[in-house]
Each structure stands twice: as C-alpha cells, then as structure tokens.
Amino acid sequence: MTLPTLLVLDADPLPRLGRLTGRVRVEHADASTLAERLPSADVLLVWGFASHAVRAAWPGEGPRPRWVHTASAGVDHLLCPELVASDTVVTNARGVFDRPIAEYVAALVLAFAKDLPRTLDLQRERTWRHRESRAVAGTRAVVVGSGPIGRAIAGTLTALGVRTALVGRTPRTGVHGPDDLDRLLARADWVVAAAPLTEATRGMFDARRFGVMQPSAHFVNVGRGRLVVEDALAEALRRRWIAGAALDVFEAEPLPADSPLWRLPDLIVSPHMSGDTAGWRDELGAQFVEMFELWAAGRPLVNVVDKQRGYVPGH
C-alpha cells in the first residue's frame, strides 16, 4: 500500500500529528525547498501562517497537491492566480480562533473605556491622578466582517451591553451590507475590523473612513493588516480625528523597529497574538488530523475556501 505524502511547510514548533503515524509519509519543507517538493506531495499543510512561500512556489513545474490546508483563518498569504485556477481544494482553520479573538477585542474595548493604558503609565511614574472612566454598556460598535470571528466578537460585545452592528459582504437578516458602513461608522464608539483580505476589502479603512468616524471613536484591527491604510490611521491619530486604536495585524510583520506606529499616541500595538491562547497549536493540529481523516476516507472536507472570494462562504 502506497502511503499518501503530507508535505508540511514548517514552523517552530512542528505540528503534533500523532494519530496519523503509519498512515501518511510526512515530509518537511521551508521557503527554499518548497518548490522542488510540491510535485511529490498529495497534501500540503501550511503550518507557518505568516509564510508567503506558497504564492512564490506554486506557479512552478510539475503536479501539485490535491489539497492545501492552512493553519490560519486568513488565506491571502497563499492564494495566487495559479492556485485559484487549479482543482486543488483549499481549507482553513475556521473555528479555532473565534472565541479567543472575541475575548481579546473585548479586553481592548474595556481597556480603552477604563483608561487602563494611562493608569499603567501613571503607576510607573508614581503619579496619583484621579480620572473618570467611560461606561461600556450603552455604547455602539460596528464589527466589519460577518464570518465566525466577526460574529463571536459581536456576541461578546453584546454581552457587555454594547449595541453592536455587524457588516458583511452582502446584507441579510442581522447583517448590514457595505452600503450601510459609512452611516454606521458615523455613530460608532468602537469600530472593529475582522474581515478577510480581498480586493474589495484591501485598504477599506483609509483617510475618508477615519474622517467619517466620531472624534471619540476607537478603532481595532484583528483582521488583516492590509485592510488599513496605515499612514491614514497614523494621521487620524495625530490629528485626533479618532480617540485611539489597537492593531494586532500589520502590513509588514514583524513590525519594523523603526516604524512610526510604535510611537503614535493612543495606539496599542500587539504582535499578531489576538487568537493565540495556551494550547492553540495543539488545537490546530487536532483539527488538521480530523480533516485528514475525512480526506483519506473520501468524504467532503469542511472549511473549504471559495478561492475566487478568498474565504469560506456561508457566513
């Protein structure tokens, strides 16, 4: 019996695939070896969510894996025209990050409302300065992105008493369409970007959109870095067009040490960690093992990406 070949685009630490022992031949590749090893692989597991190696290697010669799975919610780092046009099935890690990211966003909203960053700064200065903080219940939020992560964020904020509007690609019950976005932004206290990166969403938060927001509004991006025109956000913060922002994703990652974003007033920078809670890698590995067993049995896969749209449909 010929075992299928699973090619893992490596990251550190490697995934735990214990139940697949003896059922698959596992090979490893990095950016320098991926192109030469793709033709011999039946399945490609993109374990390094920040790697763009697939986009570079896929257009080469020879056969290609029948299935590509990425251990991330976003797929923009691997989709290229040749992969989109192929018969290869692409799946993602939908479902693993929903609740952790929702909790992270809620923590940021509470931190901004209760002025916790300034409290910590004053503590380091040994300065006693009484202030009034802001009530969260009764405020308004707009969550852009109506997939599982966006819905989890909306549910968590609603539980805090925040009146939350969800915006998606197409309007439907409980979800506003893009045509409503500017109107909702103009009234929002909290604006959360949780959309996939597509041609329609790239750079959607630009100078005009930040200008629409209230001066008291806070902006949070836990989607993809290129949803935001970073220079426009920087200008909005400097000019006090908005009250503050938090970014967990960026155009360039890691964020360069000389980036002006590090020094902006009222900006919280975190290193793409909003979905990463203790045990998250094991959960990603377990999810892939379950999906591999479906694939090996010839059963339909879950979390199948619409490669034209750039996300899993049915949100």
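Okay, let's start at threonine 198, which sits in the loop between β8, residues 190-193, and α8, residues 207-212. Keep in mind that what we have here is a predicted model. Is threonine 198 buried or exposed? Its relative accessible area is 14%, and the cut-off for buried is under 20%, so threonine 198 counts as buried. Leaving aside residues up to four places away in sequence, threonine 198 touches Arg309 and Tyr311.

Let me zoom out to the whole chain. There are 10 helices and 11 strands in the protein chain. For 315 residues, a compact globule would come out with a radius of gyration near 20 Å, and the protein chain has 21 Å, so the two agree. If you box up the C-alpha atoms along the principal axes, you get roughly 70 × 45 × 35 Å. Of the 315 residues, 50% count as buried. The protein chain exposes about 15400 Å², and 53% of that is supplied by carbon and sulfur atoms. And take the contacts between residues at least 6 apart in sequence: 61% of those join residues at least 24 apart.

How far apart in space are valine 105 and serine 274? They are 169 residues apart in sequence, but C-alpha to C-alpha the distance is 7.9 Å. With a relative accessible area of 0%, valine 105 is buried. Its contacts, again not counting residues up to four places away in sequence, are Ile153, Val192, Val220 and Val222.

Next, helix α9, residues 230-238. Which residues of α9 are buried? Those are Glu230, Ala232, Leu233, Ala234, Ala236 and Leu237. The cover over the buried residues of α9 includes α8, β9 at 218-221, β10 and β11. Just after α9 comes arginine 240, with a positive phi of about 60°.

As a reminder, most residues other than glycine have a negative phi, and most peptide bonds are trans. Aspartate 115 isn't a glycine, yet its phi is positive, about 60°. You'll find aspartate 115 in the loop between α4, residues 98-113, and α5, residues 116-124. It's buried because its relative accessible area is 19%, and the cut-off is under 20%. Then there's arginine 126, also not a glycine, with a positive phi near 55°. Arginine 126 lies in the loop between α5 and β6, residues 140-144. At 81% relative accessibility, arginine 126 counts as exposed.

And which peptide bond is cis? The one from glutamate 253 to proline 254, with omega near -5°. Proline 254 is in the loop between β10, residues 244-247, and β11, residues 267-269.

Last stop, the second largest pocket. About 650 Å³ of space lies in it. The second largest pocket has 29 lining residues, and nearest its centre are Arg55, Asp76, His77, Leu197 and Arg202. What does the lining look like by class? It has 11 nonpolar, 8 polar and 10 charged residues.

That's my tour, so over to you.

Key
Residues numbered from 1 in each chain as written. Predicted model: local features only at pLDDT ≥ 70, side-chain atom pairs only at ≥ 80, totals over all residues. Heavy atoms only, no water. 1 Å grid on protein atoms, 1.4 Å probe; cavity = no way out; pocket = protein on both sides within 12 Å on 5 of 7 lines; lining within 4 Å. Points joined across faces, edges and corners; volume = space filled by probe spheres on them. Nonpolar A, V, L, I, M, F, W, Y, C, P; charged D, E, K, R; others polar. Helix = DSSP H or I, 4+ residues; strand = E, 2+ residues; numbered from the N terminus. Rg over C-alpha atoms; globule rule 2.2 N^0.38 Å. Buried < 20%, exposed > 50% of the residue type's maximum accessible area, 1.4 Å probe, protein only. Contact = heavy atoms within 4.5 Å. Areas by Shrake-Rupley, 256 points an atom, 1.4 Å probe, with all protein chains shown as cover.
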